[in-house]
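Please find below some notes for a colleague who is going through this model residue by residue. The points are meant to be read beside the coordinates.

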Amino acid sequence: MLRTFRLGGIHPPENKLSAEQPIRELPLPREVIIPIGQHIGAPAVPTVQKGDLVKVGTVIAKTGGFISANIHSSVTGKVTKIDSFFDAGGYKRPAIVISVSTEEEEWEEGIDRSPDLIKACSLEPREIIERISAAGIVGLGGATFPTHVKLSPPPGAKAEVLIVNAVECEPYLTSDHALMLSKGEEILVGVEILKRALGVSRAVIGIENNKKDAILYLSQLAMDYEGTEVLPLKVQYPQGGEKQLIDAVLRKQIKSGALPISAGAVVQNVGTVFAVYEAVQKRKPLVERITTVTGKHLETPSNFRARIGTPIGHLITASGGLPEDTGKIIGGGPMMGKALLSTEVPVTKGTSGILILPREESTRRPMRNCIRCAKCVSVCPMGLNPAFLMRDVQYADWEATEKGYIVDCIECGSCSYTCPSNRPLLDFIRTGKQKVSAIIRARKS
């Protein structure tokens with residue numbers, strides 16, 4: 001029997017429309033908009049000015065603290081402005097605009113662009129982490145936590161196992177699936193590099209059972225790597241959450257407020273593992289990523305290799321353009337993604353997908369009174385009571401909201417999905433979570 005996490009969860013229609021599509025190369029846009037805050041933590045600090053010439057891989061913003069990440073130019077060209085632009089969340093954030101050169105592309109010296117596989121890695125753990133930090137690698141599953149920080153557990157904590165998150169449980173998205181089929185060997189080498197950096201001998205690659213071809217392919221490759229196994233998992237959303245994946249793989253549940261390292265686990269997204277391979281073995285910074293562009297009425301749902309900073313409209317055009325009945329453009333998947341303000345929003349390190357929803361599916365239904373059915377409670381993977389949390393947020397009862405463990409919410413949207421009264425549970429919980437988090441930070445300071 002296939003494993004899964006033990007608390008809550010749902011199984012929405014998968015709609016993996018682009019699952020059979022190989023990775024497509026995307027032509028360069030005329031300009032890129034590269035935000036300096038593409039990660040959890042302090043924004044990076046720009047190191048370039050208007051008029052500067054840059055190459056692919058040039059550092060254009062350096063870390064603004066320990067929990068931060070370098071930002072690199074994804075193109076060859078000229079810096080035309082440093083200004084504020086709308087991000088995927090609808091907020092204006094500082095970004096660096098680069099006009100793409102029409103001449104031959106130049107890459108920074110030392111970056112290995114050959115397709116040759118490099119297996120051997122004799123670097124010390126500290127050297128591996130330094131290369132990862134220099135390359136600006138962050139979690140590519142959507143959370144964008146700086147990878148070098150994850151590989152540096154706090155004093156007294158010891159990693160015992162590396163868990164590779166290849167679940168991709170969000171409906172529609174297939175970027176990780178496509179990456180596994182095209183870069184399986186590089187991913188396995190990346191796993192070995194991360195095991196070396198963490199000082200662990202065991203790694204588990206968790207893949208949901210709707211990706212049988214990827215499971216078979218990586219299982220065959222893993223036979224040559226001692227201590228690394230591929231674990232097929234039951235299809236269950238939101239299994240891609242760190243705590244849910246740890247429960248499924250290790251049968252350990254993380255206490256409220258605790259980190260995955262408390263269970264001896266470090267979790268890395270499979271896209272991050274590939275980026276680590278390129279950073280350590282090829283000295284290639286994170287300047288591009290695989291992004292799914294999909295939708296039921298889209299002409300050609302695709303998986304693209306997209307440069308960071310590319311306007312999403314460029315990807316949509318390459319997929320056949322916006323359908324006439326487009327209701328919303330979602331950054332990410334339908335469960336955890338957010339509606340985008342325009343097609344000028346750029347691809348960032350955390351852009352795993354772009355979903356085009358038809359009007360009939362993106363229109364909210366009228367909200368009705370809560371009928372106390374407790375469906376939201378039964379599907380919550382964190383054991384919360386979403387109906388009560390929404391009520392407490394409505395009444396601004398922040399003490400009750402905090403006691404209801406609102407900060408433990410992983411914002412998976414399972415509660416809103418299952419509510420028969422169409423109540424916007426997640427919207428209220430997100431608002432309350434921000435308020436309570438601010439209260440907790442103020443209390444600590």
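Which residue's side chain meets that of D112 in a salt bridge? The reply is in point 2, after a word on the model.

1. Basis of the values. This is a predicted model, in which local features need pLDDT of at least 70 and side-chain atom pairs count only at pLDDT 80 or more, whereas totals for chains, interfaces and linings use all residues. Residues are numbered from 1 along each chain as its sequence is written, and side-chain values use heavy atoms, with hydrogens and water left out.

2. D112 and K282. The side chain of D112 meets that of K282 in a salt bridge, at 3.4 Å from N to O; the term stands for a side-chain nitrogen of Lys or Arg within 4 Å of a carboxyl oxygen of Asp or Glu. D112 lies in the loop between β8 (92-100) and α1 (125-134) and K282 in the loop between α7 (270-281) and β13 (288-294), so the pair ties together parts that are 170 residues apart in sequence. Helices here are DSSP runs of H or I with at least four residues, and strands are runs of E with at least two, numbered from the N terminus. K282 is buried, at 5% relative accessible area, while D112 is partly exposed at 28% (buried means under 20%, exposed over 50%, and partly exposed in between, with a 1.4 Å probe and protein chains only).

3. Salt bridges of strand β14. A search of the whole structure finds 20 salt bridges. One of them joins E25 and R305, whose closest N and O atoms are 3.0 Å apart; since E25 lies in strand β1 (residues 23-25) and R305 in strand β14 (residues 302-307), the pair ties together parts that are 280 residues apart in sequence. E25 counts as exposed at 54% relative accessibility, but R305 counts as buried at 18%. R307 forms a salt bridge with E105, the closest N and O atoms being 2.9 Å apart, and because R307 lies in strand β14 and E105 in the loop between β8 and α1, this pair ties together parts that are 202 residues apart in sequence. R307 is buried at 13% relative accessibility, and E105 is partly exposed at 25%. Both R307 and E105 belong to a network of salt bridges that also links E278, K284 and E288.

4. Helix packing. Helix α3 (residues 175-182) packs against helix α5 (residues 212-222) at an angle of about 35°, with the axes 9 Å apart; the axes are lines fitted to C-alpha atoms over the stretch in contact, and angles run from 0 to 180 degrees between N-to-C directions. In α3, H177, M180 and L181 meet D213, A214, Y217 and L218 of α5, contact being heavy atoms within 4.5 Å.

5. Backbone features to check. The peptide bond from Y237 to P238 is cis, with omega near 5°, and P238 lies in the loop between β11 (228-233) and α6 (242-250). R251, in the loop between α6 and β12 (265-269), has phi near 60°, a positive value in a residue other than glycine. R283 likewise has a positive phi, near 55°, and is placed in the loop between α7 and β13. R251 is partly exposed at 37% relative accessibility, and R283 is partly exposed at 48%.

6. The segment before β1. G8 lies in this segment. Leaving aside neighbours within four places in sequence, G8 is in contact with Q236, S378, V379, C380 and P381.
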